[in-house]
2 protein chains.
Amino acid sequence: MVSMGAESTVTPWEVSGKVDYEKLIKEFGTKKITPELKKKIGRLAKDSHSLIDQEIYFSHRDLDVALADFESGKGIFLYTGRGPSGPMHIGHIIPLVFTKWLQDKFKCNLYIEITDDEKFMLKKENKMDEIRRIADENILDIIAVGFDPERTFIFKDSEYMGNMYPLATRVAKSINFSDVKATFGFENSTNIGMIFFPTLEILPTMFENKRCLIPAAIDQDPFFRLQRDIAESLGYKKAAQIYSKFLPPLSGTDGKMSSSMPESAIYLSDEPKTVKQKIMKYAFSGGQESIEMHRKLGGNPDIDVAFQWLKYFFEPDAKKLKRIEEEYRSGKLLTGELKTILVEKLNAFLEEHRERRTDAREMVTTFMRTGALAKKMWATKHE
Amino acid sequence: MVSMGAESTVTPWEVSGKVDYEKLIKEFGTKKITPELKKKIGRLAKDSHSLIDQEIYFSHRDLDVALADFESGKGIFLYTGRGPSGPMHIGHIIPLVFTKWLQDKFKCNLYIEITDDEKFMLKKENKMDEIRRIADENILDIIAVGFDPERTFIFKDSEYMGNMYPLATRVAKSINFSDVKATFGFENSTNIGMIFFPTLEILPTMFENKRCLIPAAIDQDPFFRLQRDIAESLGYKKAAQIYSKFLPPLSGTDGKMSSSMPESAIYLSDEPKTVKQKIMKYAFSGGQESIEMHRKLGGNPDIDVAFQWLKYFFEPDAKKLKRIEEEYRSGKLLTGELKTILVEKLNAFLEEHRERRTDAREMVTTFMRTGALAKKMWATKHE
């Protein structure tokens, strides 16, 4: 757990307060993505991505090594996951959109772990049936992102454990209670399923004997630090990570979006009208109290959630974004106008997503069972 | 862990010192098998067994309830296991012989769990390949006991985990680190695989929604106390246990036979000559120092391992056993003569065992995959 004084907390299960990303890099011991590294990504991907350009993906471990492995022909693979705790919101889908970009550009395999086991075991009140229903819904949203069906394997832990368990015993044997206590703040009252679970979050990094690259929000780092401690002794490679900042919740630029506060998030299922209402009503504004004041003093885009969302993802054109920023700061662009820009972008994105989601249903079997990679994985016993 | 003053320790992993079984019953909170219960077993089994008659199986939890379930037609099933840490000795096979008797008499299903995962994770130096090789050898010895191939399912955790994991998450969610710390003495340095493992030892008690009866040595009780704490909240029945004393090692009537001291045990693979040598040389004797003294003072069968082994298992005829005891106590029977009786019994048992073991190889697939029960189990996902 990284505690930032009294104001802020970042763990895999909690992000609250004003996040100081520079401090986080120091405390976690990760590296900044330098301008040189940015260029290298662009050169190898033969493309750029606004999430990199805008430094939303800002930190890493061994990303340079992963790129070198790609360049030399050794190859890499991608791994990400989803804990099916509830319906997915915008903050969940953006990293997946970026992961799809990485897969497209680097033409590599991708493993998506659905940690239904962890979500069931995490809270006393969580019911297995409900978690499964959520998992199935989430999988449709994930498939809608448009991954390569022959190079992507989506699996639920509860279903795929049989293929993973022998390797899981090797991973688990390398980690003791002190390790998970220190890393995750587990206590004596933590159930033994949760204590075992980090094994399974680490395990997909060993699905291939290539370097695994993990796109994730930086709060997931503790899991992967453990991986990096033990991987080589088990005959596998240390996983590389590319870490993002948190998409701010509507309520303000502190913490991250939470499923437990519906008004702080835009869900993938939110209707256009709902999106408009939420943004207009809840999106924290950097504007002034009256139009007159705003025209005179201008707005502050740095604390304005609508602007931050545009910057984070929804306005990938850097020039347009710059113009919006300047006009807002000068007072030319009003809060309502700024919010309207976001609402339109959001609704266009969500409409497209929902169309693809409708088609996703018939792709489930391909991604989970019969696609080239899925088929190979079901025939593999990891050891 | 039950510590008996400074002299003795009984845990699932260690039995040392002089075991006071009366005290153990009190400390563990199990019950004695009363003469009435003995009679009831005989009446329902329509047979008797010397291991019951001689009170080697001496204690229980809910055995009376299990027998009532059998009698009323609700039915019961049996569960036992084997941790494949090394070659099997006489102390391992006797409980299985008794289990076979129970299966024959009560015509019920039997599940035999091979905990290759636990044995691999228990010790740093244990290699997975070696544990598997041992497991395969052990399975031949188990099959040689003669279980009903259509009513018995033998499985390795490493192979069957896929079918167990959903239920395992429910079991694991009900147990926390404090529980396993208190029950097994786990520490912060215990690896997270071992911490999770009690889940899998408990799980087969929930393979059917009937009462499970577990024949075991009494040191296994901690596992099943945990089972009894959580079973009903998960919709299953509290398992019943029938507990045995420990077959004394050759070295004396303290502790139990250990695979790590080859001279303290008779292995199932020991040649007739080896058996004779070991018994003659190592079996702790209750006889006197010289023949003259022995004739005069007589021997003490209570501390004589050869006599104890005859009593425990190898002389099931109570009258013959009584005569041997009296003649030994009186000095009429010499130590060498007593040992010769045991050697003959042992070698006859082992010869028969080895013959059946040769035939066992072609039964492995039946017990593990294709037999009626095995087939059904592979088609079952436990939840």
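Mentor: Strands are DSSP runs of E with at least two residues, helices are DSSP runs of H or I with at least four residues, and both are numbered from the N terminus. Two strands pair if DSSP finds at least two bridges between them. The model is predicted, so to speak of a local feature requires pLDDT of at least 70 and side-chain atom pairs count only at pLDDT 80 or more, while totals for chains, interfaces and linings use all residues. Residues are numbered from 1 along each chain as its sequence is written, and chains are lettered from A and ligands numbered from 1 in the order in which they are written.

Start with the sheet of chain B. Seven strands form an open sheet of mixed pairing, in the order 4-5-10-9-6-7-8. At its edges stand strand 4 (31-32) and strand 8 (152-156) of chain B; each has a single partner strand, so one side of each has no neighbour in the sheet. Strand 4 of chain B pairs with strand 5 (residues 57-61) of chain B in the antiparallel sense, over two bridges. In that pairing B:K32 stands opposite B:S59.

On one side, strand 5 of chain B runs antiparallel to strand 10 of chain B and is joined to it by four bridges, with B:R61 as the bridge partner of B:Q241. The pairing of strand 10 of chain B with strand 9 (residues 211-217) of chain B is parallel and has five bridges; here B:L213 stands opposite B:A240.

Chain A can be read in the corresponding place. Strand 10 (residues 240-244) of chain A has five of its five residues buried, with A:A240, A:I242 and A:S244 on one side and A:Q241 and A:Y243 on the other. Strand 9 (residues 211-217) of chain A pairs with it in the parallel sense over five bridges, and A:A217 has A:S244 as its bridge partner. Between strand 9 and strand 10 of chain A, the chain passes through helix 12 (residues 221-230) of chain A in a right-handed β-α-β crossover.

Within strand 9 of chain A lies A:I214. A:I214 counts as buried, with 26 C-beta neighbours inside 10 Å. Leaving aside neighbours within four places in sequence, A:I214 is in contact with A:Y79, A:T80, A:F224, A:A239 and A:Q241, where contact requires C-beta atoms, placed from the backbone, within 7 Å.

Now the relation between the chains.

The contact between the chains takes 27 residues from chain A and 27 residues from chain B. Helix 8 of chain A gives the most to the chain A side, with nine residues. That side has 12 nonpolar, 12 polar and three charged residues, counting Ala, Val, Leu, Ile, Met, Phe, Trp, Tyr, Cys and Pro as nonpolar, Asp, Glu, Lys and Arg as charged, and the others, Gly among them, as polar. Of the interface residues of chain A, 100% are also interface residues in chain B, so the copies meet through the same surface.

Last, the largest nonpolar core has 226 residues, and A:I195 and B:I195 have the most contacts inside it; such a core is a set of buried Ala, Val, Leu, Ile, Met, Phe, Trp, Tyr and Cys residues joined through C-beta atoms within 7 Å. Apart from neighbours within four places in sequence, the contacts of A:I195 include A:F177, A:V180, B:I192 and B:I195.

Notes. Buried ≥ 20, exposed ≤ 12 C-beta atoms within 10 Å, placed from the backbone. Contact = placed C-beta atoms within 7 Å. Right-handed = clockwise from strand over helix to strand, strands pointing away.
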